[in-house]
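Subject: Structure for your files

Hello,

Here is the structure I said I would pass on. My notes on what was found in it follow below.

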2 protein chains.
Amino acid sequence: MGNHKLDTASCRDYFNAMTDQPTAAVLIIGDEILSGRTKDANLSLLAGKLGSIGIEVAEARVVPDDESVVVDAVNALREKYTYVFTTGGIGPTHDDITADCIAKAFGVPIDFRDDARAILEEHYPTGELNQSRLRMARIPDGAELILNPVSKAPGFRLGNVYVLPGIPMLVEVMVDGLLEKLTGGDVVHTHSLAAFVPESHIAPGLGAIQNDLPQVRIGSYPFLREGKAGANLVCRSTDVSALEEAAQRVRTLIAELGTKVEAEERS
Amino acid sequence: MGNHKLDTASCRDYFNAMTDQPTAAVLIIGDEILSGRTKDANLSLLAGKLGSIGIEVAEARVVPDDESVVVDAVNALREKYTYVFTTGGIGPTHDDITADCIAKAFGVPIDFRDDARAILEEHYPTGELNQSRLRMARIPDGAELILNPVSKAPGFRLGNVYVLPGIPMLVEVMVDGLLEKLTGGDVVHTHSLAAFVPESHIAPGLGAIQNDLPQVRIGSYPFLREGKAGANLVCRSTDVSALEEAAQRVRTLIAELGTKVEAEERS
């Protein structure tokens, strides 16, 4: 009857201290995500892209199209994390309030900007750059434009806050263009194994591996498939040899429990 | 060249004051969601269920399996919103730290509880209630159990915080059992229309409708489909007649722009 209680906080502190990773927060702005009608696709997209250069998403928030809530969230997150990425609310309609919120959060003025206007003027046929579209050239003072190679309306960066649209396809190309400008860290590698093993059977062994290898974060994510209980056992670390040691021990544990690895994935 | 700039903050203040809705926050706990490997399904699920009894999800946060981050988020959210629903981290493995975090957030002790243990004892065949499974009977002092009719391991409520597992199927049945215990508000009805109309074309008219009907929240959500720009125009209100007026005006606007409604949905 061993005590498998782990000091998880210490593991993470150790992990964070070891890697000294830059961190990011994602701020998803939009009533539609909160109401449940639209499922967000940008968090996993941003987490994947940023993770590839060693920037971990450490927190995400979803907030409504509500100025004071957005302003407060921007200010809370930009203090806490190396980078903040916002998605949504920079289009031409009345509910697109993100640019104004960012200006307010930083306490700077916002107005139409010539370089942003020039981009839109070049993109739209003569006469089609109407007042609504022109709103997308309103940029907070001191911001740097983030180019949008698809639909042209730019995002912008102010301080450590990167303001992106809500459409995932645009987020994807715009972040691709940004990556080389960001300061990455050590990439966290992942090795995951899935097996039809109840979490409670593997828990003691898994806890022991976590205790022995604090530089690896080991997560267990249960699933029910075809009426059978299983778990995805996910090891993550910047230290590849410790990661492989952890994964090997998880594999041994699964075999000892008389079952087999159903799926295995490295990234 | 009218000025279509709207005072969106006032619209929302008006909306909130009119409806005096109870609010909810959803706190999604888990490294796997933040790393982008797993897409959250619980936010939209909870938003739909709670919305059906007039409780709006006003904010969501995704945080890692990190005690201090979880504790801070719980305390920030329980102060701000009528209800807080957490998902994830109440299983039998070392990374399941939610119950401890909730105890810490409320400053109360946590220990094995007889009623929770009895539920697990009844569920598992003799000898199968191992130490790891027994961890799921650790409940903060003063909490009320939330029954889990499927896999039995209970959630719990402490104050205004409802602690649920991460598996969406379990969240669904457990929230269904909770709904009658929650104090709902006026239900926010939705009427949405989708059309292949560029947002910028419809923006001025849409802004005018929003100005005229502050008790309706009108959102515009652009999409690109088959290379064509369109928008979902979503009207939301507790006031059904104002909602229908808004939707009718949006329909007229779409027709005036020479296009047609591709999809329409009421809920």
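In chain B, the axes of helix H3 (42-51) and helix H8 (residues 168-178) come within 10 Å and cross at roughly 15 degrees. Angles under 35 degrees count as roughly parallel, so H3(B) and H8(B) are roughly parallel to each other. The crossing of H3(B) and H8(B) is right-handed. On the H3(B) side the residues that meet H8(B) are B:Asn42, B:Leu45, B:Leu46 and B:Lys49; H8(B) contributes B:Pro168, B:Val171, B:Glu172 and B:Val175. By class, this helix contact consists of 5 nonpolar, 1 polar and 2 charged residues. Please keep in mind throughout that this is a predicted model.

Next, the relation between the chains. Chain B superposes on chain A by a rotation of 180 degrees with 0.0 Å of shift along the axis, at an RMSD of 0.0 Å. That is the relation of a two-fold axis. The same surface serves both copies, as 100% of the contact residues of chain B recur in chain A.

Which residue of chain B comes closest to the rotation axis? It is B:Arg61, with its C-alpha at 2.1 Å. B:Arg61 is also the bridge partner, in E2(B), of A:Arg61. The strands concerned, E2 (residues 56-63) of chain A and E2(B), pair in the antiparallel sense over 3 bridges.

As for the interface as a whole, 57 residues of chain B are in contact with 57 residues of chain A. Several elements of chain B give two or more residues to its side, including helix H1 (8-19), H3(B), strand E2 (56-63), helix H4 (67-80), helix H9 (199-212) and strand E10 (217-225). The side of chain B that touches chain A has 24 nonpolar, 20 polar and 13 charged residues.

Last, a sheet in chain A. Four strands of chain A form an open sheet with antiparallel pairing, in the order E10-E11-E9-E12. Strand E10 (217-225) and strand E12 (261-266) of chain A are the edge strands, each pairing on one side only. Direction ignored, neighbouring strands of this sheet are turned by 15 degrees against each other on average. E10(A) pairs with strand E11 (residues 228-237) of chain A in the antiparallel sense over 9 bridges, and A:Pro222 stands opposite A:Ala231 in E11(A). Helix H10 (residues 240-256) of chain A packs on the sheet and touches strands E9 (189-195), E10, E11 and E12 of chain A. The direction of H10(A) makes about 5 degrees with that of E9(A).

Regards

Key
Residues are numbered from 1 along each chain as its sequence is written. Chains are lettered from A and ligands numbered from 1 in the order in which they are written. This is a predicted model: local features need pLDDT of at least 70, side-chain atom pairs count only at pLDDT 80 or more; totals for chains, interfaces and linings use all residues. Two residues are in contact if their C-beta atoms, placed from the backbone, lie within 7 Å. Ala, Val, Leu, Ile, Met, Phe, Trp, Tyr, Cys and Pro count as nonpolar, Asp, Glu, Lys and Arg as charged, and the others, Gly among them, as polar. Two strands pair if DSSP finds at least two bridges between them. Axes are lines fitted to C-alpha atoms, for helices over the stretch in contact, and angles run from 0 to 180 degrees between N-to-C directions. Angles under 35 degrees count as roughly parallel, over 145 as roughly antiparallel, 65 to 115 as roughly perpendicular and the rest as oblique. A crossing is left-handed if the near helix is turned anticlockwise from the far one by less than a right angle, and right-handed if clockwise. Copies are superposed by least squares on the C-alpha atoms of residues with pLDDT of at least 70 in both.
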